[in-house]
Amino acid sequence: MSKSILILGACGQIGTELTFALREKFGGESVIASDIREGSEVLMESGPFEILDATDYDALEEVVAYYEINEVYLMAAMLSATAEKFPLRAWNLNMNSLFNVLNLGKEKKISKIFWPSSIAVFGPKTPKENTPQNTIMEPSTVYGISKQSGERWCDYYHHKFGVDVRSLRYPGLISWKTQPGGGTTDYAVEIYHKALSEGAYTSFLDKDSKLPMMFMDDAIRATLDIMESDTENIKVRSSYNLAAMSFTPEEITESIQKHIPEFKIAYEPDFRQAIADSWPSSIDDSKAQKDWGWQAEFDLEKTTEEMLKNLES
Ligand code: AKB
């Protein structure tokens, strides 16, 4: 059977890069990008594009039937900072879109699903350093509650109905191609833009808030790898811990100052500080390494080089 892939939320930070990566791998016409609104011209012109609300089951079913879709990547979600402001909207978007896709799997209308989870599934009682795959969770944010519930539903649909759903707990993602929106880790992208445009940045997290982060190329590779792995290798059907690096706003500043010595940082923590404080500082991803061979390639220094080089040009 030839591959026909649908990406929901294709215009977002991860969705955009995932669309290009999947089109490169499987051909433009095999990858249907969709979002609730239009995206960049280059994305929309690189293959088929549909305006689609991931919470609308009938519309989703229609697109799946029309393009004979067999794989869905559900990237539409409301992230942690915005979700604190709109709890019910976040819950409705994050959960209903997931149920729609899981139900398409249950009805055998699609055969494989990717759904992103997050380090936000962990909470203040979770061990902060080297957070294990299985541990106390108890998320204290709206977004984290939706992601943890989502993980339970993925696991349930897999074991109860045989749905082939695969998932990763993404850390904060850093990319020069697309901007994040509404997350707590967004500072780690904004800081590079401001370092180049203004030579200064005011961080909304305190200088010693250490969070797990990853360069987007690693995140995309992890996503493609878990989806291409043989099914017997995927032993975790809730979501896999995934790690690359951890740093504080002070450490990323020092890394940027190696290239831009005059770069200045100020700290004005806002409501996002409490969200960051509830999350782990570093993640143990040995289960993903063992089960399907995951290994990160980008550390902070390599990420800074890539970010500054590409944003400058
Ligand atoms: C956020 O900050 O909300 C996201 C995440 C860690 O899931 N980047």
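**Where the ligand sits**

Which pocket does the space taken by the ligand correspond to? That space is the largest pocket. On a 1 Å grid over the protein atoms alone, a pocket is an open set of points with protein on both sides within 12 Å along at least five of seven lines.

This is a predicted model, where local features need pLDDT of at least 70, side-chain atom pairs count only at pLDDT 80 or more, and totals for chains, interfaces and linings use all residues. Residues are numbered from 1 along each chain as its sequence is written, and side-chain values use heavy atoms, with hydrogens and water left out.

The assignment, automatic or from a database, gives domain 1 (5-169 + 215-230) and domain 2 (172-213 + 243-312). Both give residues to the shell around the ligand, so the ligand lies between them.

Their C-alpha centres are 22 Å apart. Across the divide, 35 residues of domain 1 are in contact (heavy atoms within 4.5 Å) with 39 residues of domain 2.

**Who touches what**

Around the ligand (a heavy atom within 4 Å) are residues including Leu-79, Tyr-143, Gly-183 and Trp-279. By type, the shell splits into four nonpolar, five polar and no charged residues.

On the polar side, a side-chain atom of Ser-118 lies 2.7 Å from a ligand oxygen, and a polar backbone atom of Thr-184 is 2.7 Å from an oxygen of the ligand. A ligand nitrogen, meanwhile, is 2.9 Å from an N or O atom in the Thr-185 side chain.

Methods:
Polar contact = N/O pair within 3.5 Å; in protein donor to acceptor, adjacent residues only side chain to side chain. 1 Å grid on protein atoms, 1.4 Å probe; cavity = no way out; pocket = protein on both sides within 12 Å on 5 of 7 lines; lining within 4 Å. Sits in = over half its atoms within 2 Å of the grid points. Nonpolar A, V, L, I, M, F, W, Y, C, P; charged D, E, K, R; others polar.
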